[in-house]
Structures are given as structure tokens and as C-alpha cells.
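Me: Could you take a close look at one part of this model for me, the open sheet and whatever packs or bridges around it? I'd enjoy a connected walk through it.

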Amino acid sequence: MSLKNPSRVRDVMTAPPETISRDATVSEAADRIRNEDIDALVVTASPPAVVTSSDVLAAAAEGNDTATTPVTEIATGAVETVPPTLRTEGVAAMMESLGAEYLPVEDDSDYVGVVSAEDLPLAAR
């Protein structure tokens, strides 16, 4: 199924993205996710990573010391970034092939948003 006027990532992304330093701990990520009522943080690393509420929960359930474990140890590392001009069908296909639920949106080397599978129109999935 194709859309007559396919939307772009910029039309569906969450902006600005919530980010966290690569030096942060899992506990710090958990606090941010809970306090800001979000599901994912972009880890500002090169290449970027994404840490989700599911990652944090799994780390705690596995008995990791969340106060000392770096967020980079539990994040999905080396995620692809997408430009805000990419069509939603393109990012949906990309997410499916990568098995990713979230991708950072980058424009001119700046993180400008984050797109999740839930953000995408049903027709694009």
C-alpha cells in the first residue's frame, strides 16, 4: 500500500530528542526515562546508540548494578541515523531490516529528533 502524499520523518519524529551522555549510568538513564515519561534516550556517542525503558528494565532484572553500569553496556549501539527528509516508508523499511524500534534523526551532524516505529503511519509499516 502506498500513500499518495507520503510523509517525511520530520512530520512524525519527536523533537528535540532526549539525549544522554555516553558516560551516564543505567540508573541515570532510568531516572530520565521515568521523570520525563519517555521510552528512549539517544546516547551521544559516535556512532550513536539508543537506550530504551526495556533495556533499563532488563539490566535491573539481570542484577546489574545500575548505579555503576555505563549506559553504553545496555544500549543498542551503533544505530543508524536518518535524515528528517526521509520518507516514512523508507525509515519503516530501514527499521524492519535493522530490527530497530527507534532511530535518531540527524541533520547537519546535529541530533534533531528521534523516530519510533509507533510514530510511523500504519501505511508506512
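Reply: Happy to. The open sheet has three strands, in the order β1-β2-β3, and its pairing is mixed; strands count as paired if DSSP finds at least two bridges between them. Before going further, a word on the basis: this is a predicted model, in which local features need pLDDT of at least 70 and side-chain atom pairs count only at pLDDT 80 or more, while totals for chains, interfaces and linings use all residues. Residues are numbered from 1 along each chain as its sequence is written, and side-chain values use heavy atoms, with hydrogens and water left out. Helices (H or I, at least four residues) and strands (E, at least two) are DSSP runs, numbered from the N terminus.

At the edges of the sheet sit β1 and β3 (49-52), each pairing on one side only. Neighbouring strands are turned by 40° against each other on average, direction ignored; axes here are lines fitted to C-alpha atoms, for helices over the stretch in contact, and angles run from 0 to 180 degrees between N-to-C directions. Strand β2 (residues 40-44) runs antiparallel to β3, and four bridges join the two. In that pairing, Ala40 stands opposite Thr52 of β3. As a reminder, strands of a sheet pair through backbone hydrogen bonds, either parallel or antiparallel.

Now for the helix on the sheet. α2 lies across β1, β2 and β3, running at about 160° to β1, where contact means heavy atoms within 4.5 Å.

The term means a side-chain nitrogen of Lys or Arg within 4 Å of a carboxyl oxygen of Asp or Glu. In one of them, the side chains of Glu18 and Arg32 meet at 3.1 Å, N to O. Glu18 lies in the loop between α1 (9-12) and β1 (19-21), and Arg32 in helix α2 (residues 26-35), so this pair ties together parts that are 14 residues apart in sequence. Glu18 is partly exposed, with a relative accessible area of 30%, and Arg32 is also partly exposed, at 23%. For these labels, buried means under 20% relative accessible area, exposed over 50%, and partly exposed in between (1.4 Å probe, protein chains only).

Arg32 has another partner as well: its side chain meets that of Glu36 in a salt bridge of 2.6 Å, N to O. Glu36 is partly exposed, with a relative accessible area of 31%.

The remaining salt bridge pairs the side chains of Asp31 and Arg34, at 3.5 Å, N to O. Both residues lie in helix α2, three residues apart, about one turn of the helix. Asp31 is partly exposed, with a relative accessible area of 34%, whereas Arg34 counts as exposed at 56%.
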